[in-house]
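Please keep the sequence and the three-dimensional view at hand while reading.

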Amino acid sequence: MAGTTAAVVASASTPSTVIINTTSVGSVVTALPPNCPKVVRGSITYFSCNQIWYLPQYQSSGVTYVIVNPPG
């Protein structure tokens with residue numbers, strides 16, 4: 001799926017659009033696609049959208065999401 005492009009609306013309070021230009025594992029995005037369900041595997045929380053798995057990472061500037069391989 002490398003090279004896939006998708007538009008993502010960040011949130012209603014921040015009406016901006018984030019463009020995800022890649023779905024490569026290790027890529028970092030600042031917002032998830034709409035209606036992206038939370039999935040807990042073991043003690044780890046992921047989000048799974050359109051067969052792409054995201055792992056939230058918390059930084060001083062807020063939350064970003066790393067694209068990861070599906071949990072095994």
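Leaving aside neighbours within four places in sequence, Thr-64 is in contact (heavy atoms within 4.5 Å) with Val-28, Val-29, Thr-30, Leu-55, Pro-56, Gln-57 and Gln-59. Thr-64 is found in strand β7, where strands (E, at least two residues) are, like helices (H or I, at least four residues), DSSP runs numbered from the N terminus. With a relative accessible area of 10%, Thr-64 is buried, a word that here means under 20% relative accessible area, whereas exposed means over 50% and partly exposed lies in between, as judged with a 1.4 Å probe and protein chains only.

The model is a predicted one, in which local features need a pLDDT of at least 70 and side-chain atom pairs count only at pLDDT 80 or more, while totals for chains, interfaces and linings use all residues. Residues are numbered from 1 along each chain as its sequence is written, and side-chain values use heavy atoms, with hydrogens and water left out.

**The chain as a whole**

The chain has 72 residues, of which 33% count as buried. Its accessible surface comes to about 4700 Å², with 54% belonging to carbon and sulfur atoms; such areas come from the Shrake-Rupley method with a 1.4 Å probe, and for residues only the protein chains shown count as cover. Among contacts between residues at least 6 apart in sequence, 28% join residues at least 24 apart.

The average pLDDT, which is the predictor's confidence in each residue on a scale from 0 to 100, is 80 for the chain, and 69% of the residues score at least 70. Over residues 1–12 the pLDDT is below 50, and this stretch has 32 contacts in the model beyond near neighbours in sequence.

**Phe-47 and the aromatic pairs**

Which residues does Phe-47 touch, not counting residues up to four places away in sequence? They are Leu-32, Cys-36, Pro-37, Lys-38, Ile-52, Trp-53, Tyr-54, Pro-56 and Tyr-65. The place of Phe-47 is in strand β5, which covers residues 44–49, and Phe-47 counts as buried because its relative accessibility is 16%.

The structure holds 2 aromatic pairs, where rings of Phe, Tyr and Trp (its six-membered ring) pair if their centres lie within 6.5 Å, and planes under 30 degrees apart count as stacked, over 60 as edge-to-face and the rest as tilted. Their geometry is set out below.

| Pair | Centre to centre | Angle between planes | Class |
|---|---|---|---|
| Tyr-46 and Trp-53 | 5.8 Å | 85° | edge-to-face |
| Phe-47 and Tyr-65 | 5.9 Å | 90° | edge-to-face |

Because Phe-47 lies in strand β5 and Tyr-65 in strand β7 (residues 62–68), their pair ties together parts that are 18 residues apart in sequence. Both Phe-47 and Tyr-65 are buried, and Tyr-46 and Trp-53 are buried as well.

Tyr-65 is also 6.2 Å from Thr-30, C-alpha to C-alpha, although the two are 35 residues apart in sequence. Thr-30 is found in the loop between β3 (28–29) and β4 (38–41) and is exposed, with a relative accessible area of 52%.

**The disulfide**

A search of the whole structure finds 1 disulfide, meaning a pair of cysteine sulfur atoms within 2.5 Å. This disulfide joins Cys-36 to Cys-49, with 1.5 Å from S to S. The pair links distant parts of the chain, 13 residues apart, with Cys-36 in the loop between β3 and β4 and Cys-49 in strand β5. The link of Cys-36 and Cys-49 is left-handed, at -115° about the S-S bond, and both cysteines are buried.

**Two asparagines with positive phi**

Most residues other than glycine have a negative phi. Asn-35, however, has a positive phi near 55°; Asn-35 lies in the loop between β3 and β4 and counts as exposed at 80% relative accessibility. Asn-50 likewise has a positive phi, of about 50°, although it is not a glycine. Asn-50 is found in the loop between β5 and β6 (52–59), and at 66% relative accessibility Asn-50 counts as exposed.
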